Amino acid sequence: MRKIAIALDGNGIAGHFGRSERFQIMYTHDNKVQGKEVIRKKHEPGQLIQYLADRGVNLIIAGGMGECAQKKLTALEMEFIVGAEGHVDQVMQDYLNGKLRSTGEVCKMHLYDKSHTCMCDSSKEE
């Protein structure tokens with residue numbers, strides 16, 4: 001069984017992984033959703049990835065994600081897809097059908113907003 005965490009904003013994909021307050025956890029097996037639950041983010045700053053890993057999540061889907069989070073996920077051998085957008089059910093169906101591809105881009109907030117920094121040696125992981 002695979003556990004997939006999808007960063008939520010309403011019923012759609014959150015534009016920023018680290019700022020999402022809720023995650024839809026999808027349990028899949030044989031390319032079908034077997035169950036799902038919504039969890040609220042409960043962690044100390046900088047611990048979101050470990051929190052999800054401790055819950056058995058092995059794939060994260062979000063609209064955007066900072067470089068530090070991408071590096072931490074790679075180090076933990078967790079997969080991620082960024083650049084997703086739309087309603088959570090459609091995004092999940094696209095993933096199951098092999099149509100969802102990661103853009104691999106770093107969240108634009110990290111590139112253009114100088115007040116929003118990502119220091120990989122700190123506790124930030126957005």
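A salt bridge is a side-chain nitrogen of Lys or Arg within 4 Å of a carboxyl oxygen of Asp or Glu. The exercises below apply this definition to a predicted model, in which a search of the whole structure finds 4 salt bridges.

**Exercise 1.** Determine what the side chains of K36 and D89 form, and which elements hold these residues.

*Solution.*
1. The N-to-O distance for K36 and D89 is 3.7 Å. Because the cut-off is within 4 Å, the two side chains meet in a salt bridge.
2. K36 belongs to strand β4 (residues 32-40), whereas D89 belongs to helix α3 (residues 88-96); the pair therefore ties together parts that are 53 residues apart in sequence.
3. D89 has 39% relative accessibility, so this residue counts as partly exposed.

**Exercise 2.** Locate the partner of E37 and classify both residues by accessibility.

*Solution.*
1. The partner in the salt bridge is R55, with the closest N and O atoms 3.4 Å apart.
2. E37 is placed in strand β4 and R55 in the loop between α1 (48-54) and β5 (59-62), so parts 18 residues apart in sequence are tied together.
3. Partly exposed lies between under 20% (buried) and over 50% (exposed). E37, at 27% relative accessibility, therefore counts as partly exposed, and R55, at 31%, does as well.

**Exercise 3.** Describe the salt bridge of R2 and the parts of the chain that it links.

*Solution.*
1. R2 pairs with E79, and their closest N and O atoms are 2.6 Å apart.
2. The pair links distant parts of the chain: R2 is in strand β1 (residues 2-9) and E79 in strand β6 (residues 79-82), 77 residues apart.
3. E79 counts as partly exposed because its relative accessibility is 44%.

Definitions and conventions: Residues numbered from 1 in each chain as written. Predicted model: local features only at pLDDT ≥ 70, side-chain atom pairs only at ≥ 80, totals over all residues. Heavy atoms only, no water. Helix = DSSP H or I, 4+ residues; strand = E, 2+ residues; numbered from the N terminus. Buried < 20%, exposed > 50% of the residue type's maximum accessible area, 1.4 Å probe, protein only.
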